[in-house]
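Hi,

Here is the structure I promised to pass on.

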Amino acid sequence: MRKILATTFFTAVLFSSIAQDSLSGKKKGHFYGSWGYTRAIYSKSDIHLKDLSGNYHPATGKNNYYDFKVLQATASDRPDFDRIPDIINITIPQFVFRVGYYFSENSGIEMNYDHTKYVVNRGQRVHIVGQIDGIALDKDTTLSHDFLDFEHTDGANFWMINYLKKWKLHNGGKKIKAFVVVKPGGGIVFPRTDVRLFGERLNNDWKISGVIAGVEAGFRVELFDACMFEIVSKGAYANYINAFVLGKGNGKASHSFYSGQLTATLGFIINYNKKK
């Protein structure tokens, strides 16, 4: 988490520096940073787990080989909003932050981070195909703690660069302005995947595991040219190409899904609408 907060700080400094250095004469742009929280829903996904290294797994007492898919697994988010009042733990819930720069009145660029959580629902009935230890599988089974738990709960972690576009709905001078905002973009997924497979658990380090593309749209309110509030919905497609490594083998998980989010953020604005 320290890495995330450090990245936030240095990105804010970078965006602010670019804003100041790139503008001359009459300055029309503004820099902003914001923080908030999100809820998410996910489509079903086929989760492919594979390790053909045959390394010893102490939980089973075997040199496990596995290559199988869990078909059409459902998953939920884990908001943990009850932790928000504890200021020390404000990064435990599904938080988000944005750092952006409008280089003209209505267009700009934004770094967009979502600390969403993805949890495959335990106890669901699924179909699995493939093999474990050379034994072919093509059957229905129930996802249990002893067989498979699969989560991106220290973040499914969507990192995106978005193009910004906004249209004015209301202009109350410096007191209040309202806009419609749209933010298409793309980037990487940087999860910390927590997996329990065959009774053996691994809570991984963070790693770049795939790519994401999506679009955000909603409403933005600016107050006194100094602070802002946004409420937006987001649709995205995330493809996790290499999500985890179990034990000392070459195990990995891959899957892809569509996500929908509803997000609210509060932030600050630094305006450059002044002449030198």
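In which strand is Leu262 found? Leu262 sits in strand 19 (strands, E, at least two residues, and helices, H or I, at least four, are DSSP runs numbered from the N terminus). Before going on: this is a predicted model, where local features need pLDDT of at least 70 and side-chain atom pairs count only at pLDDT 80 or more, while totals for chains, interfaces and linings use all residues. Residues are numbered from 1 along each chain as its sequence is written, and side-chain values use heavy atoms, leaving out hydrogens and water.

Leu262 counts as exposed because its relative accessibility is 52% (exposed is over 50% relative accessible area, buried under 20%, partly exposed in between, with a 1.4 Å probe and protein chains only).

Two loop residues are worth a click. Phe198, in the loop between strand 15 (194-197) and strand 16 (200-203), has a positive phi of about 55° although it is not a glycine. Phe198 counts as buried because its relative accessibility is 14%. Asp225, in the loop between strand 17 (210-223) and strand 18, is a non-glycine with a positive phi near 55°.

Cheers
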